Amino acid sequence: MTREAPDKKGAPTVRERSSPRARPAQSAFWKVMDTDLGWFGFRRCLAWAEQVIDRSGLPEAHRVLIARVVRRTRLWRREQADVARELVAHFADGLEAGRTEADLLSSFGNEKKAARLIRRAKKRNRGPVWRAWLYWWRAVGCLFLLVLAVYLYYGVQVWTARPKIARNYLAELNAPAEAVPPEDRGWPLMREAILAYDRSADVIPEEGDEPSRKAFLLWSERPGTAYWPLAAERLRENEHVLDLVRAAAAKPRLAFRPGVDDDAALQMKWNWIASEAEFTPPNPTRDLMNVLQPHLAEIKLFARMLTAEMHLAASEDRGARVPENTSACVRLAEQAREIPFVINDLVAISISHLTCDTIRELLERRPDALRDRQWRDVGHALASFSGGGRIVVNLAGERAIFRDFLQRSFSDDGKGGGLAVPRAMPSAIMGEIFLPEDDDLREGRDWLLQLAAPVAALVMANRRSQSAYYDRLMNQAESWFSRPQWEQPRQADVREAFADVETRSIRAFRYWPVRMALPALMRAQATAEQTTQVRDATLVAIALELFRRREGRYPESLDELVPAFLPAVPPDRHTGKPLNYAVREGKPILYSVGVNLADDGGAPARRPPTGITGRLRVEQWRHPLDLKQMREESPRSIPDGDWILYPPSLARETEDEE
Amino acid sequence: MRIERELMRGAGPIAVLKLLERGEMYGYELVEALAKRTKGVLDMGQATLYPMLYNLEAKGLIAGQWREAESGRERKYYSLTGKGKRRLAAQAEQWRGLVGAMQSLGIVSPAGGTP
């Protein structure tokens, strides 16, 4: 029996001898591996057990066997030491009993099996904390596998899915314009006006020598303001441009075709391209969500020029130009609305509002600049906007945009269903993180989209549900829009109807495309209602002036204007009752009761004091029950006084006082 | 005679418990006792015995304690716990029932040998 003295100087340790690899003694790598950090810390775990084995005094073969078994158990350091002590005791007892070294080795059994069974048994001895930890990790592992399975299930479907573009919504959108005879189209003249107009010259000095590049600031000047002489001069120089605009407005339709009519010359004018060489022909199957309408900004600017010119014409005793330009502005507003998107309605409403503001300013400042006939023409022109009735926002185009989006961003199962395909979605829906506008960045993020695709498909409602939900919201909105302002729902009802897209919880992701594609519907219609009110008040103000000219006085009540000057007294759109009227110091005042819904006798609302945020404006309508709640919670958020519709100076003076 | 693994799995633990009924024993002593007292039938290698001891310990049927032996070396002595005693009694009863059944089938004779 060979026994080796433990810890003999120069003698190899068990660790060295039991190592399965032969290695160069001086290698830096093995020097590191011989430290406790070697083998990812495993050596450290073995250290206690090795000490036990090395000090055991057993023959080398036994020590090597024990070391191998102990290492194979991969138990904790303390457990390994315990096993080592037990095996050392076993072999020592065997030797003491007179058994040979070889006999003991052969009777030990399979060392791999021993290590495996010892590991299993020792783990059963571990405490409840470790078991809890183990079960937790097992649960995490199972959950991960489940998630992975679901992810792959949806992944396979989404990664192989391809949206199917069945309808060309852009062509359908442009079809009415295509059908307009060339001689009835205003766009060629409008295009000529755009190209002829050099807006870079129409700047006003602002803040020292820094010129403002916003031409509309110049066209906001009025007689008596600082830069009115400059504006008047530029208006005269741009007379040919305004002639083209009026001619375009006089045509039955503008017939602008988005995605088709922005040719190379216009793109250069708008600085989209530097030269004609950069021009690429428009894509006739482009998605509606990304179709641009640069003509809207041009139309709006020209309308502002026309209103500025009304002031110029009135001051130069050229009253006939006022009804001409009024008619042109209203026609421009109608032409802007030919394409049935909400943005088009908002531009049209803005032009109509601006025109009415101009007319009321002229009525107050220069009522005698126009003859009776001319004021009547102005009234007729204003009344013609939106067919003379209340202005209602059209949602047909938004529906088309969403339908087009669905066919491009969801797979098609042929039955109306399909899964979201995020990589096919436009940036407006997926956001800048996943789909940057920049093409290079977008390409680089493709992997991110591919990874997110199964999650999106799982979380987002399918195509049929998206479509149904969007339609439900739109139908609800249209139902509300069909009623006048004073019959609109409470904010709580609106919030409830839009709960799934307004919420900030995970539910919002289910209808994420609807949330992102949905315009601010209620705000758009509220703006339309305000403009309807302003338009109605402007018509009453014209009627009052015509009455004064004929009767030499203002009427006692607005009923006196009917039917000679007005078909009916228009309603106060905050209450549904007739518009409010008073004569003060010989001057007429037209007003709505405003947001507080109380008749303050034509006392204008004061501007909100500085520092108060979230305060309503006087023209913002609120449901009486919402108003009551606001009064209880924050009474100062509701402006007192009335919404002065005429004369404009009264409301302005009140603002200036503050 | 070589006992099949499944049979050994059932018989091994009760055999160990039975050996410990008379008093505490250490690992090597158990190996030797099993081999001698069963005439080699339940002679299990250390590769099987020690995991079995750890399992019984984990179940609370035996308890191990390190102590210094007369030789000055450390040994782990195993003893039967109360729970182990109850388990031994229950399993012994089952084994007796099993042997009785085997006898009635003529698989084993009353003396314990093959009929």
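**Aromatic contacts in a predicted model**

**View 1. The edge-to-face pair of A:Y197 and A:F302.** The two ring centres are 5.9 Å apart and the planes meet at 65°, so A:Y197 and A:F302 are edge-to-face, the class for angles over 60 degrees. A:Y197 belongs to the loop between α10 (187-196) and α11 (215-218) of chain A, whereas A:F302 belongs to helix α15 (residues 295-315) of chain A, so the contact ties together parts 105 residues apart in sequence. A:Y197 counts as buried at 2% relative accessibility, and A:F302 counts as buried at 0%.

**View 2. The stacked pair of A:Y469 and A:Y511.** Centre to centre, the distance is 4.1 Å, with 25° between the planes. Helix α23 (residues 463-481) of chain A holds A:Y469, and the loop between α26 (507-510) and α27 (512-517) of chain A holds A:Y511, so this pair ties together parts that are 42 residues apart in sequence. A:Y469 is buried, with a relative accessible area of 3%; A:Y511, at 11% relative accessibility, also counts as buried.

**View 3. An aromatic cluster in chain A.** One cluster is formed by A:F402, A:F405, A:F410 and A:Y470.

**View 4. Charged ends over rings.** The charged end of A:K122 sits over the ring of B:Y54, at 4.3 Å from the ring centre. Within chain A, the charged end of A:R126 sits over the ring of A:W76, 3.9 Å from its centre.

Methods. Residues numbered from 1 in each chain as written. Chains lettered and ligands numbered in written order. Predicted model: local features only at pLDDT ≥ 70, side-chain atom pairs only at ≥ 80, totals over all residues. Heavy atoms only, no water. Phe/Tyr/Trp six-rings, centres within 6.5 Å; stacked < 30°, edge-to-face > 60°. Helix = DSSP H or I, 4+ residues; strand = E, 2+ residues; numbered from the N terminus. Buried < 20%, exposed > 50% of the residue type's maximum accessible area, 1.4 Å probe, protein only. Lys NZ or Arg CZ within 6 Å of the ring centre and 35° of its normal.
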